[in-house]
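Please look over the sequence and the structure shown here. A short report follows them.

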Amino acid sequence: MAAHSHSHPHSHSQGADYPTHNFGTGSKWIKGLTQSRLGNFVGGHFSDVNLSAVMFTHRLDSSDFVSLQVWSAPGRSKPSFEEAMKQDFKPAKKGDSFGPSWTNHWFKVSLNVPTYWQQYERVQFEFDPGCEAMIFSTDGVPLQGITGGYGGDRRVEYIIPMSSVEAGKHEIVIESSCNGMFGVPWNGDTIAPPDMNRYFSLASADIVVPNQDAWHLMWDFQTLKEIIETLPGNSALQNEALVVANDIMNALGTADPEAIARMRGIAERVFGEGWQAKGAKVYEEGTKRAQVVGISYCHIDTAWLWPYSVTQQKVARSWSTQVDLMERYPEHRFACSQAQQFKWLEQLYPPLFEKVKAKVQSGQFQLIGGAWVENDGNMPSGEALVRQFLYGQRYFQSRFGKRCETAWLPDSFGLTAAYPQLIRDAGMKYFFTQKLSWNNINVFLHTTFNWVGIDGTQVLCHMTPVDTYTAQATVGDVNKAVTNHKNLESDDTALLVFGNGDGGGGALPKMLENLRRIRATTNNHRDLPAVSMGASVEDFFGDIDRNTGGGERLPVWRGELYLEFHRGTYTSHGSIKKGNRKSEIMLRDVELLATMATLFKASDSKYVYPKKTIDDCWEKVLLNQFHDVLPGSAIGMVYDDAEKLYSEVREACGEMLDDALRTIHHQRHTPKAPLSLLPSSKSTDILATNTTPFARCDVVRVPLANSALRSQVVQASKDGKHGYALLSDADAEGTAVARGMLADCMPVSVFTNGSDHFVLRNRTVQLTISSGRITSLVDVQLGRELIQKGKTGGLVIFEDRPNYWDAWDVEIHHLEVSTPLHFTNVQVVAEGPLRASVYSQVKYGQSTIGVTISLDAITASLKGSSRSFFRFDAEVDWRERHQFLKFELPLDINNTSATYETQFGHLARPTHRNTTWDAAKFEVCGHKFADYSEYGYGVAYLSESKYGFACQGNVFRISLLRAATAPDAEQDQGKHEFSWAVMPHEGSFLESDVPIAAYIFNSPLHVRFASSDKISKDAVDAVMPPSRPVWVKGAPNVILETIKRGEDDFTTDGDGTGETSIVLRLYEAYGGHASATLHVARYLGVEKAYTTNLLEDVDAKAAIALDHMEDISSMKLEFRAFEVKTIKLVLAPDASASRRPPKRESWVTVSDEYEDTHC
């Protein structure tokens, strides 16, 4: 038998050195404790012995090295650099205090740099005033911004040029502004009203040598720490990063240069060997297709917790900082919106504007948005949204030779369903937003999707899954871009929009350093998504466009992007809402009448289309539509500025209207028949201009300054000081003249029992007020009661205490506590036959609410089935806090949805709470009307300045006033005047005349008084303008919204170019197709006609065929539902002399007889 061998062939090939015995404890760690110790590497209790102790090699602050002189600008003035340099400066030192809030202080800084500091890689000046500041060169070029304090947005270092270090001397100028990044909230709460007496201390004014290796080690460690905190504990990279970070902590020791180099070498076990030497080229390694695309952005609220003037400074600070970073980080791409901010930079900081211009050309500074400001997405009118894009895109084109391709509204409080069409028609097809991540009821369903508007137009929309436009470029941000992505099956890429924002600032060096480390990590590990830098926003969207087959593989969202949050912004700051609506309509009227004036002025008239003034007014209105101004969510100082702008617009528009009307009316050389805004002792006739495209009759209140006007009025007040005239433009020709009481007018009456029962009635409708409440609303012709049996309507107060965002939010629970108000001290103030009115004064708390309720003898429109409406004119002295005033009617109508006007159309919203999506819409935005109808009948609210509405079940409400106390402690306190109307109508909404009635309700006639020594047909005829030369036929659902001169008729300075064109904006208003015929008077001399985009670009392929007849030219226009069309009419250059309409047989009948015209 053979002997057995005890040798095994594999016994010594593996594990030969594995010890036989083990008397140690092993290396099993307590992972949680190891992870917890990482917070002690920098700062904190051990800052004297950890890395913080060696972050700076040298620091000097004595007057031998740092010399400061200061000049404090008086009050809240904001002098220019040139003005400041002319002032007398006095010595200053570190530790001095400066204030109060919003003041500006200028420092002249002289630095002496020790010779031996030339050996170091970098020398810095550290300036920390505790607030915001701007560093200038001595010749006035902005160099960078400063953000003092110790928040995450801190940036107090300024790199001294090496040439100055070598010379041993450097001089700069600093403007320090006494406000923080988020203003000066008085109690530390961000949205608290400002502390107007805050002082800031100059905490640092030192020249320093930063230990660059220590700073890079700090950034290394921070990235490792973020990896550990972000990734799950069972992932390989998370454990490896924790091991590496722990090894670095153990190697810290005395943190001498050799130790720091050794620790940085340890970090390369995660980042890869030699990664830092590659710089921006680190992005060229690894995957060719990164899931996360990084783009730097600096959201600067054009006003919010600071006024417009401070924003101008924030723009210069933030953008100069980003330009500075581009010099050191070539991969850095900075996206920037809001043409207004660029214009401010151009005007106030020309040298910096030129720097920005160069970076735009290099592609590092990227233009986005295409709009004048990042406006509110709910309340601006359709035409105002057009102008946001028109003024924005044309500004970018004129200054930079390019337009934006991506619309950009990351912070607007909901977005109208009209936007997709307007975005596409403004030359863009991509859209970025993210505010819906703030929804407080439902999580929005998509990340990347096709957003389809009310007309069927789509834009490719991305809502960053990082859920912020101010990401800090952390590992968590990059990881969330994938883990929170809701459409990975369609497209798995995400946009990382990073940089400090709201108050400006933008990207910091630490963010760009972090992203390099994250990319280096993903070049060697698969646990994190890769991030790329250097691409544009358009590159990002373009890849999605291609990868999804033009969006075919993306989900679709139809209709508005309703934000389930900030619903109170439809009502907050009522005066701003009113200023916006009135300004929009005044500008529409100015453009119409100024266009008419240029076309029909007398041959010797010097009238010139006031393009520059119109542009100036529009820019002011567009500025006030910023998404924290128009919504009412800014501090009180902002509203002081906004009210001033609206006042300037009102004054300028008034002057332009007067000039245009005088030119139009006097085009027949009749100085004996002047027009005036107010009646005089010689006033004999009332003439009014109708700027709407609709036929109309109006009851107008006129002062009776003399007996001559009494023949023009139908009804006089009891004291004889004013009267009511009936003005008719029954043919929609543009001019309304006084008529007597017409045969088919419906005399109104008011009945009262003398105390608490009042009835307003004509032959179409009747309203009853009993015991202070509206108890009955009746369609007289149908005999139908519209108030639910046993219920009453009227004013109501709701308790308004949102969970946090005071001026922004109204919560669903506010509906749980309400107090009905009663009309008291009701008295009859007008008895008919043309107008009947009652006046009531309501006392509530410290407030007084005066309401005049009127009924006229005419219908809401000239549509045959139209009813009259009840007009409510309110004068309120509002002194409440956290109370919400509304008007409500419990209607005997049943429908699951109500209809609300939106820009260029309307949309339906639920009246029930079947789902949480339905319940979320308990307060919604509407424009000129809201309607609640069923088959056969409905009731509408007409609004001239209110935007908040609700229909819960059958209770239909319009929101009137709120009373928040933050961020404006005095929001809505004081006097208010506003109006609304209750309009019953036969038929459902789509069968009604509600849109027409609302349009007319918001567009009062422009009344003037003619003076002549002798009333005669010839005298009146002399001051009458020509009829409107452009009109639509064959499509009652198409509205001609805008008539203006073409943009290309003028230079950017408002001077004429020699071209004469008229631009028209039309839209389908009811939601169906239309075949319309556009008629143009032949005497205009239209040479060519084009369909253009919103920017008025002319494409020969879009020419429209003109059908010429004897007196008119016409063109056919086809509309899809809610389509907006822009038509450009180019007039023959030699036709100006012939633009005189033929004299009409009869402009007006002066006698009391009335021929076949009815109201």
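The report goes from the domains to one interface, and then to pairs and backbone details.

**Domains**

This is a predicted model. The protein chain is divided into domain 1 (52-210), domain 2 (214-278), domain 3 (292-558), domain 4 (567-668), domain 5 (696-1007) and domain 6 (1029-1137). Now take domain 3 and domain 4. Their centres, taken over C-alpha atoms, are separated by 30 Å. Domain 3 brings 32 residues to the contact, and domain 4 brings 28 residues.

**The interface of domain 3 and domain 4**

The size of an interface is often given as the accessible area lost when the parts come together. Here, domain 3 and domain 4 bury about 2,500 Å² between them. Carbon and sulfur atoms hold 62% of that area. Which residues of domain 3 lose the most area to domain 4? They are Tyr308, Met379 and Tyr391. Together these three make up 27% of what the domain 3 side buries.

Polar links cross this interface too. Between domain 3 and domain 4 there are 14 residue pairs in polar contact, with both residues at pLDDT 80 or more. Two elements give two or more residues to the side of domain 3 that touches domain 4: α8 (339-348) and α10 (382-400). Of these, α10 gives the most, with four residues. By class, that side of domain 3 has 16 nonpolar, 10 polar and six charged residues.

The count of salt bridges between domain 3 and domain 4 is two.

**Salt bridges**

The whole structure holds 67 salt bridges. The table lists two pairs from the model.

| Residue with N | Residue with O | N to O distance |
|---|---|---|
| Arginine 387 | Glutamate 591 | 2.7 Å |
| Arginine 403 | Aspartate 1097 | 2.6 Å |

Where do the partners of the second pair lie? Arginine 403 is in the loop between α10 and β16 (406-408). Aspartate 1097 is in the loop between β54 (1086-1092) and β55 (1107-1108). The pair therefore ties together parts that are 694 residues apart in sequence.

**Aromatic pairs**

The count of aromatic pairs comes to 55. One of them joins phenylalanine 872 and phenylalanine 887. Their ring centres are 5.0 Å apart, and their planes stand at 55°. Why is this pair called tilted? Stacked pairs have planes under 30 degrees apart, edge-to-face pairs have planes over 60, and the rest count as tilted. With planes at 55°, the pair of phenylalanine 872 and phenylalanine 887 is therefore tilted. Phenylalanine 872 lies in strand β39 (residues 870-878), and phenylalanine 887 lies in strand β40 (residues 883-890). So the pair ties together parts that are 15 residues apart in sequence.

**Backbone details**

Two cis peptide bonds can be looked up in the model. One joins glycine 99 and proline 100, with omega at about -5°. Proline 100 sits in the loop between β4 (97-98) and β5 (104-112). Another runs from alanine 966 to proline 967, and its omega is near 5°. Proline 967 has its place in the loop between β47 (955-961) and β48 (974-986).

Aspartate 467 is not a glycine, yet its phi is positive, at about 65°. Aspartate 467 lies in the loop between β19 (458-463) and α12 (475-483).

Terms used: Residues numbered from 1 in each chain as written. Predicted model: local features only at pLDDT ≥ 70, side-chain atom pairs only at ≥ 80, totals over all residues. Heavy atoms only, no water. Domains from an automatic or database assignment. Contact = heavy atoms within 4.5 Å. Buried area = accessible area lost by both parts, 1.4 Å probe. Salt bridge = Lys/Arg side-chain N within 4 Å of Asp/Glu carboxyl O. Polar contact = N/O pair within 3.5 Å; in protein donor to acceptor, adjacent residues only side chain to side chain. Nonpolar A, V, L, I, M, F, W, Y, C, P; charged D, E, K, R; others polar. Phe/Tyr/Trp six-rings, centres within 6.5 Å; stacked < 30°, edge-to-face > 60°.
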